[in-house]
Amino acid sequence: MKVSIIQHTPEPEKLIAAAAKLCYSESGCENIMGDLDEEKTKSFVRMLAELGHESPIEHVSFTFAIEGVSRSLLAQITRHRHASFSVQSQRYVKQNNFVYITPPAISSDKTINDIYVKTMNDSFASYNLIADMLEQKYRYEFLESGMTEKQARSKAEKKAIEDARFVLPNACETKMVMTMNARSLYNFFALRCCNRAQWEIRELATEMYKLCYAIAPTLFSAAGPSCCNGNCAEGKMTCGQIESVRSKFKKIKESNENG
């Protein structure tokens with residue numbers, strides 16, 4: 001798994017402070033960010049967290065480049081509707097270099113892992129076979145319709161992988177660019193950094209949290225799983241490891257503060 005922030009709102013905390021300043025003072029829009037030094041900026045951002053006033057943090061967004069994750073993760077992350085996604089298409093990109101994700105519980109057991117690897121290899125072999133057979137079928141049809149050899153070959157390959165992809169497993173690797181505003185990230189981290197989240201998306205969310213915290217530590221100081229900022233939101237479904245989770249995220253913050 002690889003995740004990086006490829007773009008974000010410049011001076012995110014200062015922009016949020018400016019929005020908050022407009023809400024809670026007689027300031028006008030002219031030079032609204034002009035007299036916001038570092039201390040005033042932190043003060044406004046902390047005030048918003050204490051008041052639970054979240055709308056000003058929507059003005060800030062972060063764009064992530066993500067790769068080395070499964071299509072299974074894709075199905076989960078796209079449930080976060082207040083986000084924008086650009087995902088590598090299996091319809092247009094042929095899986096010549098088949099990469100798949102292996103869950104730790106599988107890779108740690110040789111017998112299970114051997115079965116898993118065979119299943120992946122069989123799936124890829126079936127994908128290639130179906131794609132080749134469909135490509136021949138479609139190429140013949142396109143040639144019969146009057147297309148040139150070059151046109152028929154290009155169109156046939158695209159149409160073939162469109163259907164062949166149905167045999168690819170959820171384990172198949174994908175890449176994406178995703179943009180979220182800070183308020184949506186707060187919700188994402190609360191749900192997906194939680195121990196009860198599935199292991200892959202929890203790992204991704206934690207890495208995203210680290211990157212965001214390094215850029216805007218005051219803004220994201222109260223982000224993370226719910227138990228780090230109060231009681232566990234899972235109720236009777238709690239993982240029962242609250243102190244361990246709190247310690248983990250405390251270390252992330254301390255690591256950033258210590259460089």
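**Helix packing and the spaces beside it**

Modeller: Helices α8 (residues 199–215) and α9 (residues 242–257) pack at an angle of about 35°, with their axes 10 Å apart. Helices here are DSSP runs of H or I with at least four residues, strands are runs of E with at least two, and both are numbered from the N terminus. Axes are lines fitted to C-alpha atoms, for helices over the stretch in contact, and angles run from 0 to 180 degrees between N-to-C directions.

This is a predicted model: local features need pLDDT of at least 70, side-chain atom pairs count only at pLDDT 80 or more, and totals for chains, interfaces and linings use all residues. Numbering runs from 1 along each chain as its sequence is written, and side-chain values use heavy atoms, without hydrogens or water.

The crossing of α8 past α9 is right-handed (the near helix is turned clockwise from the far one by less than a right angle; anticlockwise is left-handed). On the α8 side, Thr206, Tyr209, Lys210, Tyr213 and Ala214 make the contact (heavy atoms within 4.5 Å). On the α9 side it is Lys248, Phe249, Ile252, Lys253, Asn256 and Glu257. The classes are five nonpolar, two polar and four charged (nonpolar: Ala, Val, Leu, Ile, Met, Phe, Trp, Tyr, Cys and Pro; charged: Asp, Glu, Lys and Arg; polar: the others, Gly among them).

α8 also packs against α7, at about 135° with the axes 9 Å apart. The two are therefore oblique (under 35 degrees is roughly parallel, over 145 roughly antiparallel, 65 to 115 roughly perpendicular, the rest oblique). Their crossing is left-handed. Leu185, Phe188, Phe189 and Arg192 of α7 meet Ile201, Arg202, Ala205, Met208, Tyr209 and Cys212 of α8. This contact has eight nonpolar, no polar and two charged residues.

Now the space. α7 (182–192) and α2 (38–51) each supply at least two residues to the lining of the largest pocket. α7 gives the most, four residues. A pocket is an open set of points on a 1 Å grid over the protein atoms alone, with protein on both sides within 12 Å along at least five of seven lines; a cavity is a set where a 1.4 Å probe fits but cannot get out; lining residues have an atom within 4 Å of a point. The pocket volume is about 290 Å³ (the space filled by probe spheres set on points joined across faces, edges and corners). Its lining has 18 residues, with Glu54, Ile57, Tyr186, Ala222 and Ala223 nearest the centre. By class they are ten nonpolar, six polar and two charged.

One cavity of 30 Å³ or more turns up in the whole structure. The largest cavity has a volume of about 70 Å³. Its lining comprises Cys194, Asn195, Arg196, Pro225, Ser226, Cys227, Cys232, Glu234, Thr238, Cys239, Ile242 and Val245. Seven of these are nonpolar, three polar and two charged.

Last, another helix pair. The axes of α5 (residues 110–144) and α6 (residues 149–164) come within 7 Å and cross at roughly 140°. That makes α5 oblique to α6. The crossing is right-handed.
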